[in-house]
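Trainee: Could you walk me through this one? I would like to go chain by chain and then look at the contacts.
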Amino acid sequence: MTEYLKHLLDPVLLFGALGTIAILSLVFKENRFYRLFEHIFLGLALGYDLELTWTTVLKPQFWDAMVHDGQWAWIMAVPVGLMFYGVYTQRFAWMSRLVFGIFFGLAAGTAFQDFSARFMPQVTRSFAPNKSLIPPPPTPGDPHALLHQVSFVLNNFLFLGIVVCVLVYFLFAFEQKNRAVLRTAQLGRWVLMFSFGAIFGSTIMTRMALLIDRMYFIFHDWLRLVKG
Amino acid sequence: MPGHGAAYFGKLAFGLVVMFAILAGLQAAPRRSRKIIIAFFTFLGGLYFALEFFYPAPSGENFLTGYQPLVAGLGAVIGSFAIGLGVFSLVQLHLRTLSRLRPGWGYSIVLLVSFVAMTVFGLMNEYSPNATVIPTVGGLWQSQNAHGMFRFLFSGGLSNLGSATFSIIAFYIASAAYRAFRLRSIEATLLMAAALIVMVGSVSFGTALTAGIHPKLTDGSENPWANLRIENIAQWLLMEVNTPAQRGILFGLTLGLLATSLRYWLSLERGAYFDKEL
Amino acid sequence: MNSTLWNRLQTIDRRIIYAVLLLFIIIPLFIDIPLPTYPSKQSQDFYDTLEKVAADKGNANKIVIVNGMWSPSTRGENQWQAEALITHLMQKHLHFATLTFDTQNDTVMQTSVVEPLAKKYGYVYGRDYVNWGYRPNAVYVITIKGLVTNIPGTIKKDAHGTPITSFAVMKNVKTRSDVAAVVDITPVESTETWLGLFEQNNSPPYLFAPTAVMAPTYYPYLDSGQIQGMLTGIKGAGDYEGLLHTKSFGSRIASALSLVYALIILLVIIGNVGHFATRAAKRREAS
């Protein structure tokens, strides 16, 4: 067996390559080869989640703490954890709601801090000096000082104008008769479209990068036809 | 249990009994009070972090701050018990398909075998990675240890299949760009213009188009025309047009999030899930 | 030309588009077309921020938290951002801890990124870096919040069950003030929690490596200084590799990405030419 053939038949690479080809074949036609690997994928993902939850959370934080470290009170987490499974019975279904509720509550309770720490800077920064409509004094020796000052004012005017337009668009989402509001909201809508366009352009990058990665795997890692 | 006597078992049993007794008590409560019980515990969960934030903490910490690791630890352990929900549902579904030999039962076998194999070899990889799991068979194949099997399943299978599954969307995006991107209105035109500028401005063929405009003038000063380089136009659009638009959205979203959080916390949320009979 | 031909331009079989797309991706893998690349301001800021963190002697005993929310499904972007980041951290001898709330991230991050690079740069587990491991997504918020005042108490054990206080790298790491920077490599909305519950007056520096699709949404945080640098998807990874003078996937696929973009633009033009020509032809026929 040549070195190259041995490499091509390396189980890890071969599994990955066949699986990749099978999954991608779906775009041309739904087929058995695809279905086979789709089920392998689901089975592996499920098994991995289970294994990882045990090895990285339950075993070190719960089992070992209870069995080896003498923290017997951890046993009390078991009945609480079992409450999730109430969902499978009519009688105890409400218990699963109870435990989910605690998690909802915990997350909701952090909303105030999140509001103040994450969101408030967004408000204050919209009115910060670098968003002012009065330009800063020119930097000495700057040959384009006027250009910089004009662009500072125009950019900030545009920035604040767009924030207002978008807010008007959202705040007056219900039917409006006032022309000024309608026009402003319309501008807000256009700017939003522009912003969504930027997101769409970036989406293409993400999706293509993922496909290029797969092709790189096939032609570089597996077939070794492409140089690194 | 190693290092622990019967007394320790007693404590464990005591813990279990106490918790089950509490749960039995809750179960025995009148049906109409269940919503109140859920609302109470939801409120209690939220109260901890809300109080921890609002209660004065001159030194940066108050009497509740110290319990955060305990809450995180408890949450991680209890939340982990939920893993069985997904496992149970999927395994049950495929066992049923298999037992009734419904069409596609072969795939159910594949799924179950993959599931068991990953669980077993994953655990072995953690606790006894060098254990031989496949012996050498003549010249056909060499022996394989648990770590090798896990690598085969994870790096060969799971990882590549996951990447492949999500890469399919690239084809649909290309097809959608061709089919759906029509200049039918101002909105559609703006959307497309932004998409194209951002795309062209972020890849090398785009930047090559305007690479002739030098960032510096011959005297070493900044070239104002360099603002017209495609990557600079894209950057300007992202910073000066996209940013305020996104900030506007963010204002709306955050206020909505705060309101929704309050509704969850105080159990005021309505809808199919929340209004269900208990 | 008649309307049927214009019509045909609008109705190219999807399988032909798929095949052409594959060709446009595969061919540039074989032929590397040298095209100029310039790091974006956000990538440059990302790099500069970590350079500054490394230059500050007060950070010698601190740790950089690398939060990985990605799995193999977005490895095409996130893995290469992670690789460039870990390379930078190791080149600059910064201590770091990896943490994840995605089940598949831990193994792929350790085996494909951290371990090979640790070998290359002589990084020793426990001395130079540590793996805090995986936590369920349900406790993402409360775990991040716990890290603010008590890191050892919140993390307790590493990914293999060893108490984290037993590692030399964790000796001086107790609270948020012992964190030199946070880097979030993510295809999901995880930033909000770090900014809302962990950061205090933009400290420690928060750096963001999202998939490209997420990037435009986070510009308000760049503007406010809450995010101090951003790697936009694979373009950001390529920029970062360029700044580090390493060549990996991000730089290698730049020409493929260019060609694919050209194809998409071509497809949009063809579709629109077909659309408008058909419409014009129909109008002519009607009149």
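Mentor: Domain bounds here come from an automatic or database domain assignment. On that basis chain A is divided into domain 1 (1-70) and domain 2 (145-228). This is a predicted model, in which local features need pLDDT of at least 70, side-chain atom pairs count only at pLDDT 80 or more, and totals for chains, interfaces and linings use all residues. Residues are numbered from 1 along each chain as its sequence is written, while chains are lettered from A and ligands numbered from 1 in the order in which they are written.

Trainee: How far apart are the C-alpha centres of domain 1 and domain 2 of chain A?

Mentor: The C-alpha centres of the two domains of chain A lie 37 Å apart. The contact takes 6 residues from domain 1 of chain A and 6 residues from domain 2 of chain A, where two residues are in contact if their C-beta atoms, placed from the backbone, lie within 7 Å.

Trainee: Which helix gives the most to the domain 1 side of chain A?

Mentor: Helix H2 (residues 11-24) of chain A, with 5 residues. Helices (H or I, at least four residues) and strands (E, at least two) are DSSP runs, numbered from the N terminus. By class, that side of domain 1 of chain A has 3 nonpolar, 3 polar and no charged residues. Ala, Val, Leu, Ile, Met, Phe, Trp, Tyr, Cys and Pro count as nonpolar, Asp, Glu, Lys and Arg as charged, and the others, Gly among them, as polar.

Trainee: How many helices and strands in chain A overall?

Mentor: Chain A has 8 helices and 0 strands. Its radius of gyration is 29 Å, well over the 17 Å that the globule rule gives for 228 residues, so chain A is more spread out than a compact globule. The radius is taken over C-alpha atoms, and the rule is 2.2 Å times the number of residues to the power 0.38. The C-alpha trace of chain A spans about 70 × 60 × 45 Å along its principal axes.

Trainee: And what share of chain A is buried?

Mentor: Of its 228 residues, 43% count as buried. A residue is buried if 20 or more other C-beta atoms lie within 10 Å of its own, exposed if 12 or fewer, and partly exposed in between, with C-beta atoms placed from the backbone.

Trainee: Chain B next. What is the order of elements?

Mentor: From the N terminus, chain B runs α-α-α-α-α-β-β-α-α-α-α-α, which amounts to 10 helices and 2 strands. Chain B has a radius of gyration of 30 Å, whereas a compact globule of 278 residues would have one near 19 Å. The C-alpha trace of chain B spans about 85 × 75 × 45 Å along its principal axes, and 36% of the 278 residues count as buried.

Trainee: How many residues of chain B are in contact with chain A?

Mentor: 114 residues of chain B are in contact with 100 residues of chain A. H10(B) gives the most to the chain B side, with 20 residues. That side has 76 nonpolar, 30 polar and 8 charged residues.

Trainee: How many residues does the contact take from chain B and from chain C?

Mentor: It takes 49 residues from chain B and 53 residues from chain C. Among the elements of chain B that give two or more residues are helix H6 (146-167), helix H8 (186-202) and helix H10 (230-265). The chain B side has 24 nonpolar, 20 polar and 5 charged residues.

Trainee: What do the buried residues of H8(B) pack against?

Mentor: They pack against helix H8 (179-222) of chain A, H9 and H10 of chain B, and helix H10 (233-244) and helix H12 (254-286) of chain C. The buried residues of H8(B) include B:Leu191, B:Ile197 and B:Val200.

Trainee: Switching to backbone geometry. Where is the cis peptide bond?

Mentor: A cis peptide bond joins C:Ser203 and C:Pro204, with omega about -10°. C:Pro204 sits in the loop between helix H8 (191-198) and strand E5 (206-210) of chain C.

Trainee: What is phi of C:His93?

Mentor: Phi of C:His93 is near 55°, a positive value in a residue other than glycine. C:His93 is in the loop between helix H4 (75-91) and strand E2 (96-100) of chain C.

Trainee: Is C:His245 buried or exposed?

Mentor: C:His245 is exposed, with 7 other C-beta atoms within 10 Å. Phi of C:His245 is near 60°, also a positive value in a residue other than glycine.

Trainee: Last one: what does the model score?

Mentor: ipTM 0.91 and pTM 0.91. The mean pLDDT of chain C is 93, with 99% of its residues at 70 or more; pLDDT is the predictor's confidence in each residue, from 0 to 100.
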